There are 2 protein chains.
Amino acid sequence: MLHPLRQHIEQITPLSDKEFEYILSHFTRKKVRRHQFLIEEAELVPYEFFVVQGCLKAFHTDRNGKEHIIQFALEGWWISDYQAFFNQGPATMLLSSLEEGELLTISLANRNKLCAEMHKIEHFFRLKITAGFIAMQQRILAGMNLSVQERYEKLLKLYPDLAQRVPKQDIAAYLGVSRETLSRLRS
Amino acid sequence: MLHPLRQHIEQITPLSDKEFEYILSHFTRKKVRRHQFLIEEAELVPYEFFVVQGCLKAFHTDRNGKEHIIQFALEGWWISDYQAFFNQGPATMLLSSLEEGELLTISLANRNKLCAEMHKIEHFFRLKITAGFIAMQQRILAGMNLSVQERYEKLLKLYPDLAQRVPKQDIAAYLGVSRETLSRLRS
């Protein structure tokens, strides 16, 4: 069976065995527990994460202690605090694991090295971050234009198995509504 | 004097005269009038735009006719409806010019061709879209956490001369407040 990262990259560009071995040597395997923090408040963010198995959430806790979820990540998704990761500054959000799982981590130096050495990897990461940019821009648009009900349906369409894997309060925190409002939407 | 596009690309990667001439040959110059539409509702979006001179806004008009501004673009910024541009689908937002100006336009085919032929251009566009992704993610975070006053100050910090160049109602439409609320913030 192909490695999940290889499968994932080969959706965009073919790789030889040797190329994939070389790429993989720049990543580190990391097992995560449920509720483990991968990015903590105001700390540096040395890694980007690729989800091999599990479910993560990137979130922000506001001055009133209310949690807002910026992004979920399931198998085959990349996640980090990109502002902090690319600028090597302090975290602007938190990242934690909702399930036991397995990640691959890559440092900025290794990511830049792979991009510089292999044009096809720079191409791969350009397409990935472009998809992320589009998703963020569409999320801003949705916030301007869609009802909570429509955004809820859009979320379930984007991540069909999310409702089974994520606590209701996290779905509510992504949509920016209370659990009670979410329950009314679900019924 | 260096061409503005060359100056802009060379902030990331050096170019020879021959390389720049080749890159520029993939763009088309476009003069724009004030209030000219560059992306119209539901139409295809064949171009990305680089602002040589002028000021553009990407926006969305909701079901109640209220305008929401997604992004401004001044000199040295790239702008398009990236969802529509990269997927060659119908527009999800509108783009119009706030001032008379000059743009460079590039088609998706030419952009992909330059990226495939020149690793340094793929690198340049990867860094540019990464900065865009970070800006969008930080905008979502700001919407979750900052007051309108703080978001107004952040906008003026990001675009110091915007207040002089953009009508007050457009700044209000970016912040998602009424003109009256904005006037209170400004005083």
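Is Glu19(B) buried, partly exposed or exposed? Glu19(B) counts as partly exposed, at 24% relative accessibility, where buried means under 20% relative accessible area, exposed over 50%, and partly exposed in between (1.4 Å probe, protein chains only).

The model is predicted: local features need pLDDT of at least 70, side-chain atom pairs count only at pLDDT 80 or more, and totals for chains, interfaces and linings use all residues. Residues are numbered from 1 along each chain as its sequence is written, chains are lettered from A and ligands numbered from 1 in the order in which they are written, and side-chain values use heavy atoms, with hydrogens and water left out.

**Helix α2 of chain B**

Lys120(B) lies in helix α5 (residues 119-145) and Glu19(B) in helix α2, so the pair ties together parts that are 101 residues apart in sequence. Helices (H or I, at least four residues) and strands (E, at least two) are DSSP runs, numbered from the N terminus.

Next, select Arg6(B) and Asp17(B), whose salt bridge has its closest N and O atoms 2.7 Å apart. This pair ties together parts 11 residues apart in sequence, because Arg6(B) lies in helix α1 (residues 4-10) and Asp17(B) in helix α2 (residues 17-24). Arg6(B) is buried at 12% relative accessibility, whereas Asp17(B) is exposed at 53%.

**The open sheet of chain B**

Display the four strands in the order β1-β8-β3-β6, which form an open sheet with antiparallel pairing; strands pair if DSSP finds at least two bridges between them. The edge strands are β1 (28-32) and β6 (78-79). In chain B, β3 (residues 47-53) and β6 pair over two bridges, and Phe50(B) stands opposite Trp78(B).

**The interface of chains A and B**

Show both chains: 39 residues of chain A are in contact (heavy atoms within 4.5 Å) with 40 residues of chain B. About 3600 Å² is buried between them, 63% of it on carbon and sulfur atoms; buried area is the accessible area (1.4 Å probe) that two parts lose on being put together, summed over both. Select Arg126(A), Phe133(A) and Met144(A), which supply 20% of the area that chain A buries against chain B, more than any other three residues.

Finally, select Arg63(A) and Glu150(B), which form a salt bridge at 3.1 Å between the closest N and O atoms.

Technical notes:
Salt bridge = Lys/Arg side-chain N within 4 Å of Asp/Glu carboxyl O.
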